[in-house]
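Here is a friendly walk through one protein model, starting with charged pairs and moving on to the core and the surface. Please keep the structure open beside the text as you read.

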Amino acid sequence: MRRAPRTLAGVTLRSNLPPFYPIPPLYPILDAVILPPGRPGEPDSLDRREVLSQIVGQLFAAGATVLQYRNKQGSDAQVLEDARWIRDAAGPGPILILND
């Protein structure tokens, strides 16, 4: 049986999550403003990667199952590179939400 699409204020919502996905008790939002500067592929990006890896590792060790990453000022390339580093640090299980 196919479920009718859900709408909110006239906008159709599309999601692979169950209709009533519970918000986990620990829902961290990581904002890029706390990270050291870095440009994709440049040496100073290594410090950024190390900081991201430490933060993400600690969050998931504390029980987070979802991480929202927010980067309002970075380029598309920076957001993508950060997301790859976050995924590397988190592994395949947790859900990563990107917010630019």
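The structure holds 2 salt bridges, a salt bridge being a side-chain nitrogen of Lys or Arg within 4 Å of a carboxyl oxygen of Asp or Glu. This is a predicted model, in which local features need pLDDT of at least 70, side-chain atom pairs count only at pLDDT 80 or more, and totals for chains, interfaces and linings use all residues. Residues are numbered from 1 along each chain as its sequence is written, and side-chain values use heavy atoms, with hydrogens and water left out.

The two pairs are set out here.

| Salt bridge | N to O distance |
|---|---|
| Asp-82 and Arg-48 | 2.8 Å |
| Asp-88 and Arg-49 | 3.3 Å |

What do these pairs connect? Asp-82 lies in helix α2 (residues 76-90) and Arg-48 in helix α1 (residues 45-61), so this pair ties together parts that are 34 residues apart in sequence. Asp-88 is likewise in helix α2 and Arg-49 in helix α1, so their pair ties together parts 39 residues apart in sequence. Helices here are DSSP runs of H or I with at least four residues, strands are runs of E with at least two, and both are numbered from the N terminus. As a general point, side chains of opposite charge can pair when their charged atoms come close.

Are the partners buried or exposed? Asp-82 and Arg-48 are both buried, where buried means under 20% relative accessible area, exposed over 50%, and partly exposed in between (1.4 Å probe, protein chains only). In the other pair, Asp-88 counts as exposed at 55% relative accessibility, while Arg-49 is partly exposed with a relative accessible area of 34%.

Not counting residues up to four places away in sequence, Arg-48 touches several residues, including Ala-32, Leu-35, Pro-36, Tyr-69, Gln-78 and Trp-85. Contact here means heavy atoms within 4.5 Å.

Now for the wider fold. The protein has 2 helices and 5 strands, and read along the sequence they follow the pattern β-β-β-α-β-α-β. Buried residues make up 27% of the 100 residues. Among contacts between residues at least 6 apart in sequence, 63% join residues at least 24 apart.

The largest nonpolar core has 13 residues, and those with the most contacts inside it are Leu-52, Val-56, Phe-60, Leu-67, Tyr-69 and Ile-86. Such a core is a set of buried Ala, Val, Leu, Ile, Met, Phe, Trp, Tyr and Cys residues joined through side-chain atoms within 4.5 Å. Helix α1, strand β4 (66-70) and helix α2 each supply at least two residues of this core, and α2 gives the most, with 4 residues. Setting aside residues up to four places away in sequence, Val-56 touches Leu-67, Ile-86, Ala-89 and Ala-90.

Ile-29 lies in strand β3 (residues 29-31) and is partly exposed at 43% relative accessible area. Ile-97 is in strand β5 (residues 95-99) and counts as partly exposed at 32%.

Gln-68 is buried, with a relative accessible area of 12%, and a polar contact of 2.9 Å joins its side chain to that of Tyr-27. Leaving aside neighbours within four places in sequence, Gln-68 is in contact with Tyr-27, Pro-28, Ile-29, Leu-30, Ile-97 and Asn-99.

Key. Polar contact = N/O pair within 3.5 Å; in protein donor to acceptor, adjacent residues only side chain to side chain.
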